[in-house]
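Q: I've got a fold open on my screen and I'd like to learn to read it feature by feature. Can we go through it together?

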Amino acid sequence: MLKIQIGAGVIVPFEFKLSAEGFCEEDFLDNGKFSGEIKIVGEVMNGEKNLKIRGKIFCQKEFTCDRCLGEAKENQVHEFDEELDRAEVVDNCVDITEIVRDILIASQPIQNLCKIDCKGLCPNCGKNLNEGNCGCDRFIPDPRLAILQNLDVS
């Protein structure tokens, strides 16, 4: 899919644009999906024993925030720097599809947040606290100290 023609020159630039629809969707499932266009730019350095591939991936991810359950979008930029053995060159081309897919998957955060300081949902009423305070008393006493409430201090 993403094949780079290796030329006689030492450095060969490349640029790909592909639709995000269907690209590694099966790897995300409930973790969101990429939308719009994925752009990959970089260069291949042709060495004697190996190829050095360096570049950036530009994409947009749509997901559900893990704290407030709101829909969110995030622009992402991922850099990569990989070495490939010359044995992987077939018909003077090298396929970087798996490299791009692996970088996209490995670079995803463990927790998807709509913003760094997302306040989440009220545990009592379920209101999105990013939209304002709900007025609920959200104080939850430490159960390990609950016995102290029975202490007579008079």
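A: Buried means under 20% relative accessible area, exposed over 50%, and partly exposed in between, using a 1.4 Å probe and protein chains only. Keep in mind that this is a predicted model, where local features need pLDDT of at least 70, side-chain atom pairs count only at pLDDT 80 or more, and totals for chains, interfaces and linings use all residues. Residues are numbered from 1 along each chain as its sequence is written, and side-chain values use heavy atoms, with hydrogens and water left out.

Q: Where does N128 lie, and what is it in contact with?

A: Contact means heavy atoms within 4.5 Å. N128 sits in the segment after α1, and leaving aside neighbours within four places in sequence, it is in contact with C68, G120 and L121. A polar atom of the N128 side chain also lies 2.9 Å from the backbone nitrogen of N130. For a polar contact, look for a pair of N or O atoms within 3.5 Å; within protein, one must be able to donate a hydrogen and the other to accept it, and residues adjacent in sequence count only if both atoms are side-chain atoms.

Q: And K119: is it buried or exposed?

A: K119 is exposed, because its relative accessibility is 57%. This lysine is also in the segment after α1, and it touches L129 and N130, not counting residues up to four places away in sequence.

Q: How do I read strand pairing?

A: Get the elements first: helices (H or I, at least four residues) and strands (E, at least two) are DSSP runs, numbered from the N terminus. Two strands pair if DSSP finds at least two bridges between them. Here β2 and β3 pair in the antiparallel sense over 9 bridges, with S19 standing opposite E37 in β3. β3 and β4 are antiparallel too, over 11 bridges; K33 stands opposite E62 in β4, and E43 has R54 as its bridge partner there. Then β4 and β5 run antiparallel, joined by 15 bridges, and T64 has E71 of β5 as its bridge partner.

Q: How many residues join β3 to β4 in their hairpin?

A: That hairpin goes through 3 residues. The hairpin of β4 and β5 has 6 residues between the strands, and there L69 takes a positive phi near 65°.

Q: Which residues does E83 touch?

A: E83 belongs to strand β5. Not counting residues up to four places away in sequence, E83 touches N50, L51 and K52. The E83 and N50 side chains are joined by a polar contact of 2.8 Å. As for L51, it is 32 residues from E83 in sequence, yet the C-alpha atoms are 5.5 Å apart.

Q: How do I find the core?

A: In soluble globular proteins, nonpolar side chains tend to be buried together. A nonpolar core is a set of buried Ala, Val, Leu, Ile, Met, Phe, Trp, Tyr and Cys residues joined through side-chain atoms within 4.5 Å. The largest one here has 24 residues, and F14, I38, I40, I53 and I96 have the most contacts inside it. At least two residues each come from β2 (11–19), β3 (33–46), β4 (50–64), β5 (71–85) and α1 (97–106). I96 touches L2, I4, F14, F16, I40 and I53, again leaving out residues up to four places away in sequence.

Q: Which residues of α1 are buried, and what covers them?

A: An α-helix has 3.6 residues a turn, so residues three or four places apart point the same way. In α1, the buried residues are T97, I99, V100, I103 and L104. Their cover includes β3, β4, β5 and β6 (93–95).

Q: What about aromatic pairs and disulfides?

A: Rings of Phe, Tyr and Trp (its six-membered ring) pair if their centres lie within 6.5 Å; planes under 30 degrees apart count as stacked, over 60 as edge-to-face and the rest as tilted. Searching the whole structure turns up 1 aromatic pair. In it, F14 and F16 are tilted, 5.9 Å centre to centre with 40° between the planes, and both phenylalanines are buried. A disulfide is a pair of cysteine sulfur atoms within 2.5 Å, and the count by that rule is 0.
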